[in-house]
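Please read the points with the sequence and the model at hand.

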Amino acid sequence: MTGMTIIVKTVSRWVGGMILLFGIYIVSFGHLTPGGGFAGGVIIACGYILLTLSHGSKFSLGRLNKSVAAEMDSTGALLFLLLAVLGIVTRGHIFFSNFLQKAHPQGPFRLISAGIIPLCNVAIGLKVGAGLFVVFIILATMKFVVKGEHTETAAGGSQEP
Amino acid sequence: MIEGLLGLLLMFMLVGAIVAVETRDLLSSVICVGAVGVGSSIAFLLLQAPDIAITQIVVEVLFLIILIRATIRRDLTAITGDREFFGMVTSIALLAAFVIFGIRALHFLEFGKPAHAALGPVPFNHYLKEGLRETGAANIVAAVILDYRGYDTLGEATVLFTSVIGALAILRRRARKPRGEVLARKQS
């Protein structure tokens with residue numbers, strides 16, 4: 001996938017970092033403000049998708065290539081499962097019990113409160129963000145090559161091999 | 001006043017949906033689907049559900065529209081072909097049945113008020129009263145989906161994971177067609 005003109009490239013380079021920061025904010029404050037892991041993860045993926053659309057897929061795959069993104073996806077899923085299983089071995093002996101400290105001693109609306117809910121949000125945000133970026137890259141840069149005939153690209157024209 | 005605004009949004013979404021179905025240009029159709037998504041997100045915000053409004057805007061308008069536009073072939077700009085008569089009649093009949101049964105099932109609830117007042121003792125009341133004290137989370141939606149009903153969220157995360165693995169497995173580097181014909185799929 002090729003990039004766009006230089007105006008689009010410059011502006012999206014400035015804005016891309018802010019989109020990632022906003023996505024991380026939505027994920028980490030998910031237990032206090034609206035949002036949470038799923039919405040924040042999609043925002044993080046959309047930041048990388050903006051870089052892909054404006055600079056070309058080679059640029060964004062140079063920043064975060066497919067195998068690293070797939071491993072981040074698996075890590076997020078395994079982290080979520082690990083937090084659920086840790087509820088068995090610690091206090092409560094129930095699958096998925098909320099075993100960390102729930103209330104901050106100084107008041108209710110703090111960042112470090114609500115047990116394992118922020119950690120679960122981080123795991124889900126990692127998983128959704130990396131997974132959706134991988135799916136977008138695969139679907140948008142897929143080429144069909146039939147042996148001996150012309151190639152045709154999804155999101156592009158046809159070309160001879 | 002809320003109902004007036006919601007009625008206006010509903011008209012907007014209806015016009016957008018009809019244009020999305022009837023137009024022949026593919027780009028206009030995709031943009032109209034995005035407009036329906038924006039109207040739906042504003043409706044969620046007016047009904048005091050900001051979690052769903054954020055997720056609706058980001059998933060439908062940003063991710064889905066960009067994915068559709070990036071995946072279809074750029075030299076296909078118009079939809080050709082006619083609509084089937086039998087399919088149209090069946091879907092209109094099922095939609096009418098759905099609307100009639102929906103109105104009859106929900107007529108005892110007042111619009112805009114939460115349903116738990118009319119339904120009696122449900123776990124809903126317990127979550128609203130004791131949610132902050134038991135879980136420590138100010139966002140009751142996050143408390144419900146990650147503490148009270150965390151097992152369902154585990155199932156949803158598994159579904160997402162499986163779909164990503166499925167896409168990765170099908171669109172691999174090289175895939176063999178049957179009868180010995182090699183069809184190589186290249187990732188550029």
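1. Five residues of helix 1 of chain A are buried, namely Ser12(A), Gly16(A), Gly23(A), Ile26(A) and Val27(A). The coordinates come from a predicted model, and helix 1 is where confidence in chain A is highest, at a mean pLDDT of 92.

2. Helix 1 of chain A covers residues 6-28, 23 residues in total, and spans 34 Å between its first and last C-alpha, close to the expected 33 Å.

3. The largest nonpolar core comprises 41 residues, and the members touching the most others are Val42(A), Phe80(A), Cys120(A), Phe136(A) and Phe63(B). At least two core residues come from each of helix 2 (37-55), helix 4 (66-89) and helix 5 (117-140) of chain A, and from each of helix 3 (50-71), helix 7 (140-148) and helix 8 (150-170) of chain B. The most is given by helix 5 of chain A, which supplies twelve residues.

4. Which residues does Phe63(B) touch, leaving aside those up to four places away in sequence? They are Val42(A), Cys46(A), Ile49(A), Leu132(A) and Phe136(A) from chain A, together with Val58(B).

5. Confidence deserves attention before any detailed reading. Chain A has a mean pLDDT of 81, with 81% of its residues at 70 or more. Within chain A, strand 3 (residues 158-159) has the lowest confidence, at a mean of 39. Residues 155-161 of chain A stay under 50, although the model shows 19 contacts for them beyond four places in sequence.

Methods:
Residues are numbered from 1 along each chain as its sequence is written. Chains are lettered from A and ligands numbered from 1 in the order in which they are written. This is a predicted model: local features need pLDDT of at least 70, side-chain atom pairs count only at pLDDT 80 or more; totals for chains, interfaces and linings use all residues. Side-chain values use heavy atoms; hydrogens and water are left out. A nonpolar core is a set of buried Ala, Val, Leu, Ile, Met, Phe, Trp, Tyr and Cys residues joined through side-chain atoms within 4.5 Å. Buried means under 20% relative accessible area, exposed over 50%, partly exposed in between (1.4 Å probe, protein chains only). Helices (H or I, at least four residues) and strands (E, at least two) are DSSP runs, numbered from the N terminus. Contact means heavy atoms within 4.5 Å. The expected span of a helix is 1.5 Å times one less than its number of residues. pLDDT is the predictor's confidence in each residue, from 0 to 100.
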